[in-house]
Amino acid sequence: MDRSKQNKYSSNEKKDNGDGGSVLNGHFDGMVKRAAGGPQAPAAECASHRSTSAVMESWKEERTRSLEDNEMSLPSLAAAYTTILRGLGENPQRQGLLKTPWRAATAMQFFTKGYQEKIIDVLNDAIFDEDHDEMVIVKDIDMFSMCEHHLVPIFGRVHIGYLPNKRVLGLSKLARIVEIYSRRLQVQERLTKQIAVAITEALQPTGVGVVIEATHMCMVMRGVQKMNSKTVTSTMLGNFREDPKTRDEFLRLIKS
Amino acid sequence: LHDNKMSTVNNHHETSRKELEDASRLPALETAYTDILRHLGEDTDREGLLRTPLRAAKAIQFLTKGYHETIDDILNNAIFDEDHDEMVIVKDIDMFSLCEHHMVPFFGKVHIGYIPNKKVVGLTEFLCFVLVSVQERLTKQIAVGISEALQPKGVAVVIEAAHMCMVMRGVQKMNSRTVTSAMLGVYLEDPKTREEFLYLSRRT
């Protein structure tokens, strides 16, 4: 596994990404703490991540999967899916199911392809100096993710707003940031924060707001089975957090 | 004709036996899911994932519990003799399934219409969970199931679903829906009957 590059992050949230956070959980507030008894990671690497400037470096550490990894893991994934089919009482040899383990494995790799991409690759050449300091909003970005608790799809929409501070980002890059973080095993709260933090660190804007409204299949298809309920999470940073008028403008503009 | 009481008892035995089977299969499913997580590049020791293999295994068992209940079981407890021979339609029944090609959910609405032949059925709790299936086959299975249970003059089933394997991957068409239908009896033979059903079951 490509986990020789491990980063530990502390999170100020009460959410469950806790101190066991690995590089897969993204970066928060530039603070890094080594969890006791966590998976192996060289001490030297951790030490270098204790400053905010080194957070940019942490982006470079983000990739944990390559296309070769995918190819090599495919047979084991397919074998696991065959076991699952059998464990459900199905006959993996029947015609409709013959190649299903392979298709399911490839599909799952696609749903988690966010692990293969790095923010820094996506953003590097799309940051422009622009003397604009009014709010920029990109809303209704379709989002698909996998719930990390049940491995069942989550889908919904993301609305992003930010107040540039001399630097703006190519608009489709915002959607790409959403893609990279959402195509992973996720918790909606964490996803919202990761997107906000990524934009903050790329642009150093005056403020960022991210709102996600999503439907969780794990809630709709099982458990409480509430068909129409949506989960809404938001992260407000900088001006969006401090100035209620800015936040208000953002929230009003994303409503449709 | 079915003896409702006997079949209830039988069903109960069937269900508990299958529940026991389910529980005994859980460890194998759990191991499979742990493997999957690891091969996707995840760290299975991190807090959010610690119990995920167990939860995912239980979730997929739940999503496929249609195996525990055949159409027969669902319907047999709710067949009543009734002298009604006009069309009965139950529409917008929520349906969830797993596509058998990618093991990814597809879900949508089922609309059922039938013309009773002295026997009607209570379809209130018809929330279908069927295992890995193909939408066409599912539509047919429902139609045939009702047909065999009630011997009505005709049965019509329409399913309109969104396939996550199409929406979340592959072509990624957000709003496309797949519609399949099965028409039996008078619905097949008489175009006007079919038309009435299709009109009445249309979304308002």
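I began with chain B, whose elements, read along the sequence, run α-α-α-β-β-β-β-β-α-β-α-β-α-α, and I noted seven helices and seven strands there, helices being DSSP runs of H or I with at least four residues and strands runs of E with at least two, numbered from the N terminus. The model is predicted, and local features need pLDDT of at least 70, side-chain atom pairs count only at pLDDT 80 or more, while totals for chains, interfaces and linings use all residues. Residues are numbered from 1 along each chain as its sequence is written, chains are lettered from A and ligands numbered from 1 in the order in which they are written, and side-chain values use heavy atoms, with hydrogens and water left out.

**Chain B as a whole**

I looked up burial and found that 48% of the 204 residues in chain B are buried, where buried means under 20% relative accessible area, exposed over 50% and partly exposed in between, with a 1.4 Å probe and protein chains only. Of the contacts in chain B with a separation of 6 or more, 72% are between residues 24 or more positions apart, a contact being heavy atoms within 4.5 Å.

**Salt bridges**

I counted 14 salt bridges over all chains, each a side-chain nitrogen of Lys or Arg within 4 Å of a carboxyl oxygen of Asp or Glu. One of them pairs Lys166(A) with Asp131(A), with the closest N and O atoms 3.0 Å apart. Lys166(A) sits in the loop between β3 (153-163) and β4 (167-169) of chain A and Asp131(A) in the loop between β1 (127-129) and β2 (136-147), so this pair ties together parts 35 residues apart in sequence. Both Lys166(A) and Asp131(A) are exposed.

I then turned to Arg46(B) and Glu148(A), whose side chains meet in a salt bridge at 2.8 Å, N to O. Arg46(B) lies in the loop between α1 (4-39) and α2 of chain B, and Glu148(A) in the loop between β2 and β3 of chain A, so the pair joins two chains. Arg46(B) is buried at a relative accessible area of 2%, and Glu148(A) is buried as well, at 0%.

A further salt bridge links Glu100(B) and Arg137(B), with 3.2 Å between the closest N and O atoms. Glu100(B) is in the loop between β2 (88-99) and β3 (105-115) of chain B and Arg137(B) in helix α4 (residues 135-150), so parts 37 residues apart in sequence are tied together. Glu100(B) is buried, with a relative accessible area of 2%, whereas Arg137(B) is partly exposed at 33%. Salt bridges that share partners join Glu90(A), Arg94(A), Glu100(B) and Arg137(B) into one network.

I found two cavities of 30 Å³ or more; on a 1 Å grid over the protein atoms alone, a cavity is a set of points where a 1.4 Å probe fits but cannot get out, a pocket is an open set with protein on both sides within 12 Å along at least five of seven lines, and lining residues have an atom within 4 Å of a point. The largest cavity has a volume of about 210 Å³, a volume being the space filled by probe spheres set on the points, which are joined across faces, edges and corners. Its lining has 20 residues, and Met108(A), Met146(A), Leu151(A), Tyr33(B) and Met103(B) lie nearest the centre.

The largest pocket holds about 830 Å³ of space. Among its 29 lining residues, Phe155(A), Thr215(A), Lys230(A), Phe107(B) and Arg177(B) are the closest to its centre.
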